[in-house]
Every structure is written in C-alpha cells, then in structure tokens.
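Here's a quick briefing to read alongside the coordinates. Have the viewer open and follow along by topic.

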Amino acid sequence: MVGIRDEFEGAHCREGKVTILVKEKKMIDSKWGSLSAKVKSSVTLKIVFIGMLILILQIPTFMIYRLISERENTKHTAIAEMSAKWGGRQIITGPYLVVPVIEKRLESDGKNKYEKVINHSIVILPENLIINGSMQPEIRYRGIYQAVLFGSKFQLQGNLRFEDDLWPQYIQPNREIRFQDAAVYVGISDMKGLTMAEVLLDGRPMRPVPGASGGKLIRTGFKIPLNHSSEPLKGGIAFNMTLDLNGSSGVNFYPLGVNTQLSIRSPWQAPSFQGEFLPKNREIDEKGFKAEWQITDMNRNYPQSWLNDDARIEGSDFGVDFYVPANVYQQTARAVRYSVLFIIFIMLVFLFAEALARVWIHPVQYFLIGLAIVIFYALLLALGEHMSFGASYAISALAVSLLVAGYCFGIFRKRLVALVEGTAMLFAYTLIYFMLQLEDYALVAGAITLFVLLTVLMIFTGNLNKKREKNLRELPEPLTPSDLP
C-alpha cells in the first residue's frame, strides 16, 4: 500500500508542475501577443523602418545611376567612332595672313662669335569677313546608338587690308620681312571632313596647300602661298572661298574680321547656339532655322595684327550645335533623381492603406514593393534604348504598377485597395513624366506637385492617432495569474 501511495503522490506532484508550466506559458504568450500587437500598430516604428528601407534602396538606385552613365559613355564612344570616319565637330578659323620675319643676331659664347637666326611671324586678320552657309544634318546609327552628322557648304568672302603704317612698326635693322613667303591660312579642325576647297584671291584661282605649318593660330587646315615678290604688300587682298565640309554635332567660327558676319541655314528644328556670341537674328520653325551673327572687333579682346604670340584668339569662337532633345540617358537620369520622393510617396500610401484596412504588412513586403519601384528605372533604361522614351516610360510604369497592384491584392485580399494602390502609382508616374517633359519648369512643377501630395496625405492621415487608440483599446488585456484556471 505504501508503494501505491508514493506513486500516486509522485504523479500528483508531476501534474501540478505541468499545470504551473502551462499557466506560465499562457502568461508569456499573452504578454508577447500584446507586445506584438502594439509593435504592429505602432506608426512611429513603421515610419522609422520605412526611412531605413529608403536608405537601403539607395544602393540599387545608385547602381542603376552608374549603369546609366556607363551606357551613355558607350554611346559617346560609338558616336566618336562614327565621327572619326566622317568628320568631327568643326571649327573654322580664318582666313588670315601670316608673313614670316627673320631676325639675325650676333652672339658670343665667350670664345667665338656666331650669328643666331630667330623666326618670327606677323599675323594679320581680315578687315571684312562674310560667311554664308547651308547645313544638311542627318541621323545615322551604329547599333542602337545614333549620331547627328552633317554635310555643309560655306562661302567665305572678304578682304585683307594693309595700311601704310602696318609694316614700319615691325621693321628693325636686324629683321627681314619675308613678303615672298607670305601665305593666307584657313583653319579646319578636322581635315578629313573637307571634301572640296575652291579659293579665289583678287579674282585669281589659287591652289590650297594642305598643312598648317607656320599658321600660328591653327594646328590643322590649309594655306595659300601668295608667291609675292620681296616688295612690301600694298593695298589689300580680296578673297572668295567655297568649302564643302562634313562634320558632326555642330560648327564654330572665330570673329577675325573688323566686321564679321555669319549666316547659316539648316532644316534642323532644334538648334543650340554656342560660344561667346548669340545670333543677332534667328528664325526657328518646322522647316528648320536661319541664324545671323554680326560681330565687330570691339566685341573681342585682340587686335587686327601682332607679332608671334602677342595675342590669343581662344575663347572667342561661336556657332551652332544640332541639339538632340533630351535623350533616354538624360531623361532616365532625371527620373532617377525623383526616386527618393517617389518611394516616400508610395510607402506612405501603403502605410495609410495598412492603417485603414487593419492588415499588417510585413517588412519584407515593404522591401519588395520598394525594389519593384527601383526596377522601374532599369526597365525604363533597357526599353528606352530600343524605342521612344514616351513608349518605354508608359510600358515600364504600367508593368510596375500592375505588379505592385497584384502584390497588394495578395496582401490585403481586397480588390478596392489593390485598385487604389495601382491607380496611385500610375498617377504618380504620370506626374513625373510631365515634369520631365517640362525641362525648364520641372523644378517649379515638382515642388508644387509634392506640396499638393503632402497636403493630401496630411488631410487623410489626420485621424490615424484616434483610430490607433481605438484599436489599442479593443486589444485584449494581458493575462494575469488570477485569470488562469
């Protein structure tokens, strides 16, 4: 009987311990359940998490931004290869006159005397320089990349004038002005683009000689030797030149004349005027553009003649580029700059939906939603290289919006919430697209849009605290030992 009693008491003791453990477990579960509910309903914690998530999402966003730069560099390489075979951006300098001067000096090294010869050059700019040109641009492709190439015809007319007091200022007892070696120079920045050059000096056809040795102002181009006698040049020289020139991107000129006039016509509808001077008159319409410049010697900072390198003309050039309206790389890069604000807006919309629908969104789900937003820019870049920016933007925005809307339906199990989320994303993408198109007014439009969106969010989230307090009151109180059986 004693053994049976001991066994019964042991079983009763074990049953008591199990009961205590069960009670303790229920209390712990109740406390953790209450804490978990409070954490899930904490707006502050969610906002902190969203902030951290936005910072993390900047890593893939930065990677996409770098990818944009790499693809744009690849495009520039392809354009450079095409330009290298056709002709690069052209800069036309001249015509102007160079007259060599030889100076002889008697010097001594201490033991012997010897004669040292020093070469100088007199540079004389034209009195009048009138340039008329027509340019025919076209878009050519290498793979998926395009470049603007052009063919052009320019007529350069004007005259060089030699005043009576020009030569005496350069004459010295030990100097000889070599008028017989004088030559007219014309600078062409990329000679492979020069297909034809006809030159008339004082009405006489002259043969240009390739090369710019002795040209002082230029590195590449051609010259026209005057074949003059050793007598000083008098009066002046009238010139009339016709150049057929291929190039890419655009063309620039230097205002070398006392009076410089330039007129350019082209069917290109988007010119970009570059350099130190803007056109005095310009017309731009659907048929192309016409621009006219008129510049005097008082508008620049160098004289009409000088010796050697006493003056510099760099930085005084002007001209026109064939502007390509914002390409896919520029527009995608601009769109990426709005990524942080876009992510913030969408995350706040989901936070708002979570509070209204009383459905907890897991942090991983927030991360996947943010990742989908980032993937939009990769899609935009990839599709934009093969189609227009508008089409690629529409397809990418629609695809990501449908993806997020479908994912939202899986989270909330409510079609209305999914529809609202998808519509909000499409609306936001549409606003950003119009801001990208505005270009000059993008900052103003973006600031106003963000202000309006923030105002709307503040209005609709004004009662979140009241609803949160109501939800917390409805939560069951944690169990105490007296509540346990």
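At roughly what angle do the axes of helix 5 and helix 6 cross? They cross at roughly 160 degrees and come within 8 Å, with axes being lines fitted to C-alpha atoms, for helices over the stretch in contact, and angles running from 0 to 180 degrees between N-to-C directions.

Some ground rules first. This is a predicted model, where local features need pLDDT of at least 70 and side-chain atom pairs count only at pLDDT 80 or more, while totals for chains, interfaces and linings use all residues. Residues are numbered from 1 along each chain as its sequence is written, and side-chain values use heavy atoms, with hydrogens and water left out.

**Helix packing**

- Helices (H or I, at least four residues) and strands (E, at least two) are DSSP runs, numbered from the N terminus.
- Helix 5 covers residues 363-384 and helix 6 covers residues 389-412; the two are therefore roughly antiparallel, a label for angles over 145 degrees.
- Their crossing is right-handed, meaning the near helix is turned clockwise from the far one by less than a right angle.
- Contact means heavy atoms within 4.5 Å; on the helix 5 side the residues include Leu368, Phe376 and Leu383, and on the helix 6 side they include Phe389, Val400 and Ile411.
- Helix 6 also packs with helix 7 (residues 415-438), their axes coming within 8 Å and crossing at roughly 155 degrees, so this pair is roughly antiparallel too.
- Among the residues making that contact are Gly390, Cys408 and Phe412 of helix 6 and Arg415, Met425 and Tyr433 of helix 7.
- Helix 6 passes helix 7 in a right-handed crossing.

**Strand pairing**

- Two strands pair if DSSP finds at least two bridges between them.
- Strand 3 (residues 128-142) runs parallel to strand 13 (residues 259-266), and 7 bridges join them.
- One place to look is Ile130, whose bridge partner in strand 13 is Gln261.
- Strand 13 is also joined to strand 16 (residues 288-296), this time antiparallel, by 8 bridges.
- Here Ser266 stands opposite Phe289 in strand 16.

- Ser305 lies in strand 17 (residues 305-307).
- Ser305 counts as buried because its relative accessibility is 19%, and the cut-off is under 20% relative accessible area (1.4 Å probe, protein chains only).
- Its side chain makes a polar contact of 3.3 Å with that of Tyr170; such a contact is a pair of N or O atoms within 3.5 Å, and within protein one must be able to donate a hydrogen and the other to accept it, with residues adjacent in sequence counting only if both atoms are side-chain atoms.
- Leaving out residues up to four places away in sequence, Ser305 touches Val123, Ile124, Leu166, Gln169 and Tyr170.

Technical notes
Buried means under 20% relative accessible area, exposed over 50%, partly exposed in between (1.4 Å probe, protein chains only). Angles under 35 degrees count as roughly parallel, over 145 as roughly antiparallel, 65 to 115 as roughly perpendicular and the rest as oblique.
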